[in-house]
Each structure stands twice: as C-alpha cells, then as structure tokens.
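Hi everyone, thanks for coming along.

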Amino acid sequence: MTTEAIENTEKAELAPTEHTRNVQHYRPNVDIIERASELTVLADMPGASGDSIDVDFENGMLTIHGRVNPREREGATSLLCEYGVGDFYRTFQVSEKIDAGKITAEFHDGVLTLHLPKVEGAKPRKIAVRAK
Amino acid sequence: MTLIPWRGKQHDEDTGSALSAPLHQLRSEMDRLFDRFFGGSLGFMGEPFGRAGAWMPSLDVSETETDITVRAEVPGVDAKDIDIQVSGQVLTISGEKKESTESKGENYYHAERSFGSFRRSVQLPTSIDAEKVSAEYKNGVLLVQMKKEKGAVPKRISVRSVKD
C-alpha cells in the first residue's frame, strides 16, 4: 500500500488541485487491515451518505470519494466551529493483487468499509510438511 | 496578564504584600507553562495517548434567536452508545467508539482512526428548555437541537424617534 506518512489524526484538508467542484476536500482517516484472503479498508467519513460515495479501483489505484453537502445555516450564528465540512477524497496505490470484480463496500454510521479480496494466486498457501 | 488590585502604599509594609507582585508573576508564568503542556485538544505532547486513549469529537455549535444547534462528528459509534445530558447551561456528550475485535491473523497497514470513550462538555450561551432537546444520529454526525428558555430569547425593543 502507500508509504505516505501519517502525521495527524485530525481530518486533514487537501489542497484543492484537480477537482472540478468548488468545495473543500478532506482526507478521511483510515484503517487498512490485511487478512489472509482480503484487504479491509475502514474510512471515517462522517456526513457522507451511502449513495454519495464513489469507490473506484483501476490499475491498482483505489480511489474513495464521498460527497458531503455543505453546512446549512440560514440565519444562524456560528459559536464554535471545530471541523470543516466538505468532500472526502483519498487515493491508494494497492500493490497486492486484488480481484476487482469482487470488491464490496458498506457504509454504516459514517464509516465506509471496503473489502478487497485477493486474487486466488495471491492468497498464502499453506504447505503441510510431512515428517518421515 | 493578570490584573493586580492596587492597594495603598501603607498596606504594603504591614501586610507583607510587597511580595504579591512577584508571586503573581510566578503564578501566571506557571499557568502558562501548564497551558502549554496540557492545553489543546490533543493532550500532552500533541498526540493522543495510544490507540485506545480518549479522543475528542469535533463540535460545531450555532444559534438562532430561538434555537441552539450542536453538531458533532462521531463516525462509527452506535446511537445507543451515545449519552447526552443537559445540566444548567452545560451540554455533555459522551459515548464510546468500539473497535471491531477480530484480530486473528491481521496486519495493520494504516491505523489512523481513534477508538475508545469520549466525553465533551460545552457551555451554552443561554439556558435552554430541557424538555425540548432532540438528538439524532445520522451518517456519523450527531445533531442536538435545543430551544432557548423563554426568558433567554431576546426581545426586540423598537426605538421611537421623538421630535421636540
């Protein structure tokens, strides 16, 4: 997977470089877990909804994009504003061989869970050693 | 800077409060040191203690003339694990984000998400009607809506212009 350094656990702002929608983008915090048969990606994306999230896997690049509606605050005065509201966007270079056709995704309580099953050949195979 | 009450010169000698100014300075210096070490939302040394340590959800508070709205980003928490209390003018949100526990044969490549219990209190600008608090949790965002107490809603008083 990527070797990008993890510096902080706060939701980090991304520089608005290559996006066409004029909203702030944030990098979701993720956990990536390798299991014997799959990679599991968990991403905290509070405020996104299941049908507003796009997951793409192409040429070993996994892209997560969750659209979040901006704050609606008509006539209200902000007293405390500790987090920004904007889209979630993050890409990963996946080095493991993934069976792209079998990728599944769920979204519950603001957490996106991706299951990336490994290609059959990439799964570890146990070879039993027989004692003579 | 601390405001030191000015006391007449004659008091300084008999109460020994000539020391008070340096003591105040020392005290505020210590306060600043403590603030530097323990202040900030990230806690000591700017990093949360370990993965199971406490974490603080980010809050967003806004008000209109009649309502106060508090939002908090708490992804991955079960709605029944969130506890909301109002006491006086203080709203307290606490809960626990549970980690999925199947750790057999797992390798973590990234571990950025926080788990564990959290607790945040926020001082509200006015007193609220405790009977009219509603809370909903949707897509990882907690929304608490409160109505200001009748006496706290500002009343507009129009000014008449009077001619002589």
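Here's something to start with: which residue takes a positive phi in the hairpin of E9(A) and E10(A)? Before I answer, please keep in mind that this is a predicted model. The residue is A:Asp109, with a positive phi near 50 degrees, in a hairpin that has two residues between its strands. As for the strands themselves, E9 covers residues 104–108 of chain A and E10 covers residues 111–117 of chain A. They run antiparallel and are joined by five bridges. If you'd like one pair to look for, take A:Ala105, whose bridge partner in E10(A) is A:Leu114.

Now over to chain B. Its secondary structure amounts to two helices and eight strands. Chain B has 164 residues, and 28% of them count as buried. Its accessible surface is about 11,600 Å², with 54% of that belonging to carbon and sulfur atoms. And if you take the contacts in chain B between residues at least 6 apart in sequence, 53% join residues at least 24 apart.

Strand E2 of chain B, residues 67–73, and strand E8 of chain B, residues 141–148, share seven bridges in the antiparallel sense. Within this pair, look for B:Ile68, which stands opposite B:Met146 in E8(B).

So how much area is buried between chain A and chain B? The size of an interface is often given as the accessible area lost when the parts come together. Here the value is about 3,300 Å², and carbon and sulfur atoms give 47% of it. The contact takes 47 residues from chain A and 38 residues from chain B.

There are charged pairs to look at too: six salt bridges are found across the interface of chain A and chain B. One salt bridge you can pick out on the screen is between B:Asp60 and A:Arg71, where the closest N and O atoms are 2.5 Å apart.

Notes:
Residues are numbered from 1 along each chain as its sequence is written. Chains are lettered from A and ligands numbered from 1 in the order in which they are written. This is a predicted model: local features need pLDDT of at least 70, side-chain atom pairs count only at pLDDT 80 or more; totals for chains, interfaces and linings use all residues. Side-chain values use heavy atoms; hydrogens and water are left out. Helices (H or I, at least four residues) and strands (E, at least two) are DSSP runs, numbered from the N terminus. Buried means under 20% relative accessible area, exposed over 50%, partly exposed in between (1.4 Å probe, protein chains only). Contact means heavy atoms within 4.5 Å. Accessible areas come from the Shrake-Rupley method with a 1.4 Å probe; for residues, only the protein chains shown count as cover. Two strands pair if DSSP finds at least two bridges between them. Buried area is the accessible area (1.4 Å probe) that two parts lose on being put together, summed over both. A salt bridge is a side-chain nitrogen of Lys or Arg within 4 Å of a carboxyl oxygen of Asp or Glu.
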